[in-house]
Amino acid sequence: MRITYVGKHEQECSNDDEGSVVYALQQLGHEVFPIKEDQGHWATKSRSRDLLLFNKWSDVGAIKACRQRFGNIAFWYWDLVDWPSDPTLGRRCLQRREWMARTIPLVDFGFCSDG
């Protein structure tokens, strides 16, 4: 597959989760085209590809605009979305649930790997 991947690529002060995903997809034989999240608007102008993948990209307009350029659109969210037993995380969890509510209608697939 040919995959455009919008994420926080090339982070130096954090885990390089996106780099690990790119590497794994390439090892599986896919062709990956990374786009930095703050330049995600370029995905709306990229060549038609099999899949648009993103993590926490919040540009609803750009995601909608990509609908006609990509065979499928998917997110992979690896942060905890809800933890009701810890009230100190309430605001963060609320923001993440709101992101999910905005994003799920825009995608074909969504993957959550931590809560």
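Q: Is V60 buried, partly exposed or exposed in this predicted model?
A: The relative accessibility of V60 is 25%, and buried would require a value under 20%, exposed a value over 50%. Because 25% lies in between, V60 counts as partly exposed.

Q: In which helix is V60 found?
A: A helix that spans residues 60-66 includes V60, and this helix is α2.

Q: How far apart are the C-alpha atoms of V60 and V6?
A: Along the chain, V60 and V6 are 54 residues apart.

Q: Where on helix α1 do its buried residues lie?
A: Helix α1 runs over residues 17-27, and its buried residues are E18, V21, V22 and L25. Seen down the axis of α1, these residues fall within an arc of 100°, so they line one face of the helix. In general, an α-helix has 3.6 residues a turn, so residues three or four places apart point the same way. Y23 and Q27 are exposed on the other side of α1, whereas the buried residues line one face.

Q: Against which strands do the buried residues of α1 pack?
A: The buried residues in question are E18, V21, V22 and L25. They pack against β1 (2-7), β2 (31-36), β3 (49-54) and β4 (70-77).

Q: Which residues lie closest to the centre of the largest pocket?
A: The largest pocket holds about 160 Å³ of space, and its lining divides into 1 nonpolar, 4 polar and 6 charged residues. Of the 11 residues that line this pocket, the closest to its centre are K8, Q11, E18, K56 and W78.

Methods
Residues are numbered from 1 along each chain as its sequence is written. This is a predicted model: local features need pLDDT of at least 70, side-chain atom pairs count only at pLDDT 80 or more; totals for chains, interfaces and linings use all residues. Side-chain values use heavy atoms; hydrogens and water are left out. On a 1 Å grid over the protein atoms alone, a cavity is a set of points where a 1.4 Å probe fits but cannot get out, and a pocket is an open set with protein on both sides within 12 Å along at least five of seven lines; lining residues have an atom within 4 Å of a point. Grid points are joined across faces, edges and corners, and a volume is the space filled by probe spheres set on the points. Ala, Val, Leu, Ile, Met, Phe, Trp, Tyr, Cys and Pro count as nonpolar, Asp, Glu, Lys and Arg as charged, and the others, Gly among them, as polar. Helices (H or I, at least four residues) and strands (E, at least two) are DSSP runs, numbered from the N terminus. Buried means under 20% relative accessible area, exposed over 50%, partly exposed in between (1.4 Å probe, protein chains only). The arc is that of the directions from the helix axis to the C-beta atoms. Contact means heavy atoms within 4.5 Å.
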